[in-house]
Amino acid sequence: MKSWLSLIFACTCLVGCYRSQTNSDEHNIDPLNSSADIRITEEPYYAQDIMNKKMKVFTSYLEKSTGLKVEYVPAINYVHARQLLLSGKVDLLWAGSLGTSKVLAANENAMPIAAEVKSFINVLLVDRTLIKEVQAELRSDNPLQVLKSRSVVFGSNNSGSSFLTPLIEMKAQGVDLNDLKGCVHEPKHGHRAMFIGDSDQQDFAFVPGSEADPLKYVPEQARSEVLVGWVSEIKRNYYIIASPEFLAPSETNKVQKVQNALLALNQSSSAHDKVLKALGGVTGFELPKSRSDLEYLNEITEFASLLGDKTRCKKNGKQESNDISE
């Protein structure tokens with residue numbers, strides 16, 4: 001595995017150059033000049049070519065299900081995605097838990113119109129060579145205490161799924177960032193397991209997973225190097241947020257059509273499975289019943305506000321600046 005890192009860095013730099021050029025061109029597109037009935041953007045979890053394919057599947061499904069013209073508007077980074085929604089340049093934003101919490105904190109009139117069915121989990125990977133040494137702690141009532149004085153790999157510091165929610169899980173078990181020996185940000189989910197197995201520099205890594213597949217984002221070639229040390233309770237991570245303008249009474253019919261299309265994905269079929277797989281493997285959608293359904297997001301908002309920009313984690317060079325989570 002030791003030869004992987006040089007290859008990872010080279011590939012990431014190429015992806016970053018491609019994404020920079022692509023987004024430079026797309027940034028000149030004015031969504032307000034579009035003839036689309038609905039405009040949607042997404043936080044850039046992937047390289048742009050992958051995002052295009054993913055959103056093509058999703059927008060095609062929505063168009064077929066709603067009879068409306070749906071346009072995907074690419075975002076340059078996480079902040080840009082939120083700005084597109086809050087400025088009214090798009091109607092809908094597909095976002096993770098942290099992005100959703102930031103939108104709701106910025107404008108209380110924005111609101112999720114759907115959320116993924118709970119299936120997401122935080123997964124703590126451990127270097128296989130350490131397992132005998134830490135096994136007893138991992139079986140204790142507060143297994144994340146094992147992270148004290150250890151080195152940990154997190155996701156992007158813009159990620160709720162692989163940075164902020166792991167920090168909240170750690171806090172609940174009495175562990176703070178300052179308790180760690182050290183930590184780094186590696187935006188690519190699949191690369192974190194490689195960092196653990198590649199050297200003695202890192203001991204643990206947090207990756208997102210699903211109830212059905214905790215190793216969902218761990219590459220096959222890395223699975224022999226790591227073990228699952230701990231998993232969180234099942235939660236939801238993804239939300240579809242509507243802009244205040246799209247929630248106006250005049251747009252109610254469009255909102256309902258989108259919600260009905262999302263709920264229809266819960267009915268098992270090969271066509272629906274294809275859409276859900278394209279959307280990162282979510283298992284279905286639910287409608288938020290009230291603000292009380294969003295209490296977890298409030299916790300993330302408050303914690304993010306307290307944390308601010310304070311982190312002891314080193315940024316992984318250009319990989320972090322590219323702001324691509326996977």
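Which residue is the bridge partner of L125 in β8? In the predicted model examined here, that partner is A205. Local features in this predicted model need pLDDT of at least 70 and side-chain atom pairs count only at pLDDT 80 or more, whereas totals for chains, interfaces and linings use all residues. Residues are numbered from 1 along each chain as its sequence is written, and side-chain values use heavy atoms, with hydrogens and water left out.

The protein chain contains eleven helices and twelve strands, taken as DSSP runs (helices: H or I, at least four residues; strands: E, at least two) and numbered from the N terminus. Of its 326 residues, 54% are buried, a class defined by a relative accessible area under 20%, with exposed set at over 50% and partly exposed in between (1.4 Å probe, protein chains only). The chain exposes about 14,800 Å², of which carbon and sulfur atoms supply 49%; these areas come from the Shrake-Rupley method with a 1.4 Å probe. Contacts are defined by heavy atoms within 4.5 Å. Among contacts between residues at least 6 apart in sequence, 80% join residues at least 24 apart.

Strand β8 takes part in two of the pairings described here, where pairing requires that DSSP find at least two bridges between two strands. Strand β5 (residues 120–127) runs antiparallel to β8 over seven bridges, while β6 pairs with β8 in the parallel sense over two bridges, V152 standing opposite F204. Seven of the seven residues of β8 are buried. F204, F206, P208 and S210 point one way from this strand, and A205, V207 and G209 point the other way. In a regular strand the side chains alternate between the two faces of the sheet. Strand β6 (residues 151–154) likewise directs S151 and V153 one way and V152 and F154 the other, all of them buried. Four bridges also join β6 in parallel to strand β7 (residues 182–185), where H185 is the bridge partner of F154.

A separate description applies to an open sheet of six strands, which has the order β2-β1-β3-β10-β4-β11 and mixed pairing. Because β2 (70–72) and β11 (285–286) stand at its edges with a single partner strand each, one side of each is left without a neighbour in the sheet. Within this sheet, β1 (residues 38–42) and β3 (residues 92–95) pair in parallel over three bridges, with I40 opposite L92.

The structure holds two cavities of 30 Å³ or more. On a 1 Å grid over the protein atoms alone, a cavity is a set of points where a 1.4 Å probe fits but cannot get out, and lining residues have an atom within 4 Å of a point. Grid points are joined across faces, edges and corners, and the volume is the space filled by probe spheres set on the points. The largest cavity has a volume of about 260 Å³. Its lining comprises 27 residues, with F120, S161, Y217, N237 and Y238 nearest the centre. Two or more lining residues come from each of α4 (97–106), α6 (160–172) and β8 (204–210), and β8 gives the most, with three.

Helix α6 also contains E169, which counts as buried because its relative accessibility is 18%. Leaving aside neighbours within four places in sequence, E169 contacts N122, L144, W230, S232 and K235.

Terms used: On a 1 Å grid over the protein atoms alone, a cavity is a set of points where a 1.4 Å probe fits but cannot get out, and a pocket is an open set with protein on both sides within 12 Å along at least five of seven lines; lining residues have an atom within 4 Å of a point.
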